[in-house]
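Please keep the sequence and the structure in view while reading.

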Amino acid sequence: MFNLLQLDLVSLRLLVLTAKTENLTQAANSAHMTVSAASKRLAELERVTHCTLFTRVARGLQLTPAGRGLAEHARAILDVAQQMAHDAADYANGVRGHVRLFANTSAVIQFLPHDLAIFLAANPHVRIELAEALSDSTIHAVESGRAEIGIFADNAPAPGLQMQPYRRDRLVVLVPQAHELAQRAAVSLADTLDFDYVALNQGSSLLRRINDAAASTGRLLKVRIQVSSFDGICRMIEAGLGIGILPLGSVHPELLESKLRAIPLEGAWATRTLYVGVADASRLSPQAMNLYNYLGSLE
């Protein structure tokens with residue numbers, strides 16, 4: 001076991017840079033030091049850790065397994081140090097609290113820009129760290145303590161969380177303007193199942209909801225292509241690769257004016273509730289409690 005007090009951030013950053021470039025000259029230039037100084041620091045790091053971090057090859061340096069593993073730890077340490085610097089700057093500038101918020105894409109695109117702008121205008125000394133994630137990942141982040149507050153869809157099970165309704169949204173079918181369904185005032189899901197679909201990747205609560213609704217009709221969704229974002233779905237539909245289902249508020253208005261048509265879906269399943277949840281409201285910081293109560297008052 002080596003002495004952690006012998007590590008310094010400059011050497012750890014140099015390790016990360018060298019691991020990235022596998023070239024000592026490039027790493028030294030990026031670290032704003034001479035090659036000889038960089039070489040001495042890496043040698044000292046190997047001495048302190050009792051590990052060979054690099055081997056020399058014709059094209060430069062090659063990470064050893066130990067070097068690869070320690071470089072990953074170094075990245076994590078540098079990330080934490082960077083966050084510490086940001087937090088210190090915030091406190092120096094009058095910030096009184098931080099809140100870690102995870103939210104699914106539907107909430108991030110449709111509601112949170114407006115809602116957080118109002119909250120932060122009324123609470124200028126609060127800093128919110130927002131991470132966009134799938135509903136299931138959001139729930140896990142709250143359960144594991146990586147997030148204080150999470151926003152997720154109603155079909156993502158969260159039995160261990162305290163939660164309250166946040167917002168509701170309405171699903172629509174998106175089709176190109178020349179599509180045969182485009183002039184319909186409304187459609188059922190069954191009306192759409194003969195057509196190819198553009199859908200989100202596996203793990204999405206929205207895809208799970210659509211698949212469950214299709215299964216209730218005895219049919220399956222004909223997924224032609226899967227993407228990772230709402231914008232990607234819109235672009236694929238625009239290119240004629242299929243139709244799709246999205247929350248109406250997530251579609252850019254200019255697309256609906258010129259290239260796509262949003263058709264309301266029939267059935268109660270097409271109205272979703274987004275929930276805001278916490279692990280234990282009694283243990284929230286005052287700033288997190290204020291945000292939780294605010295978000296829960298908006299439905």
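## Aromatic pairs

Tyr 166 counts as buried because its relative accessible area is 0%, where buried means under 20% relative accessible area, exposed over 50%, and partly exposed in between, with a 1.4 Å probe and protein chains only. The model is predicted: local features need pLDDT of at least 70, side-chain atom pairs count only at pLDDT 80 or more, and totals for chains, interfaces and linings use all residues. Residues are numbered from 1 along each chain as its sequence is written, and side-chain values use heavy atoms, with hydrogens and water left out.

The whole structure contains 2 aromatic pairs. Rings of Phe, Tyr and Trp (its six-membered ring) pair if their centres lie within 6.5 Å; planes under 30 degrees apart count as stacked, over 60 as edge-to-face and the rest as tilted. Phe 111 and Tyr 166 make an edge-to-face pair, at 6.2 Å centre to centre and with 90° between the planes. This pair links distant parts of the chain, 55 residues apart: Phe 111 lies in the loop between helix H5 (105-110) and helix H6 (112-122), and Tyr 166 lies in strand E6 (residues 162-176). Helices (H or I, at least four residues) and strands (E, at least two) are DSSP runs, numbered from the N terminus. Phe 111 is buried as well, because its relative accessible area is 15%.

Phe 119 and Tyr 294 form a tilted pair, with 5.5 Å centre to centre and 35° between the planes. Phe 119 belongs to helix H6 and Tyr 294 to helix H12 (residues 286-296), so this pair ties together parts 175 residues apart in sequence. Both Phe 119 and Tyr 294 are buried.

The protein chain is divided into domain 1 (4-78), domain 2 (91-166 + 273-297) and domain 3 (170-271); the bounds come from an automatic or database domain assignment. Taken over C-alpha atoms, the centres of domain 1 and domain 3 are separated by 49 Å.

Which domains each give at least three residues to the lining of the largest pocket? They are domain 2 and domain 3. On a 1 Å grid over the protein atoms alone, a pocket is an open set of points with protein on both sides within 12 Å along at least five of seven lines, a cavity is a set of points where a 1.4 Å probe fits but cannot get out, and lining residues have an atom within 4 Å of a point. The largest pocket has a volume of about 210 Å³, a volume being the space filled by probe spheres set on the points, which are joined across faces, edges and corners. It is lined by 18 residues, of which Thr 105, Leu 134, Leu 200, Ser 204 and Phe 230 are the closest to its centre. H5 and H9 are the elements that give two or more residues to this lining. By class, the lining has 6 nonpolar, 11 polar and 1 charged residues; Ala, Val, Leu, Ile, Met, Phe, Trp, Tyr, Cys and Pro count as nonpolar, Asp, Glu, Lys and Arg as charged, and the others, Gly among them, as polar.

## The second largest pocket

The second largest pocket holds about 180 Å³ of space. Among the residues that line it are Arg 100, Glu 148, Asp 280 and Arg 283. Its lining divides into 4 nonpolar, 2 polar and 4 charged residues.

## The cavity

The structure holds 1 cavity of 30 Å³ or more, and the largest cavity contains about 60 Å³ of space. The elements that give two or more residues to its lining are strand E7 (197-200), helix H9 (205-216) and strand E9 (244-247). E7 gives the most, with 4 residues. The lining residues comprise 10 nonpolar, 1 polar and no charged; Ile 233 and Gly 244 are among them.

## Helix H10 and the cysteines

Helix H10 (residues 230-238) has Phe 230, Gly 232, Ile 233, Cys 234 and Ile 237 as its buried residues. Just after H10, Gly 240 takes a positive phi of about 85°.

Cys 234 counts as buried because its relative accessibility is 2%, whereas Cys 51, at 26% relative accessibility, counts as partly exposed. The whole structure has 0 disulfides, a disulfide being a pair of cysteine sulfur atoms within 2.5 Å.
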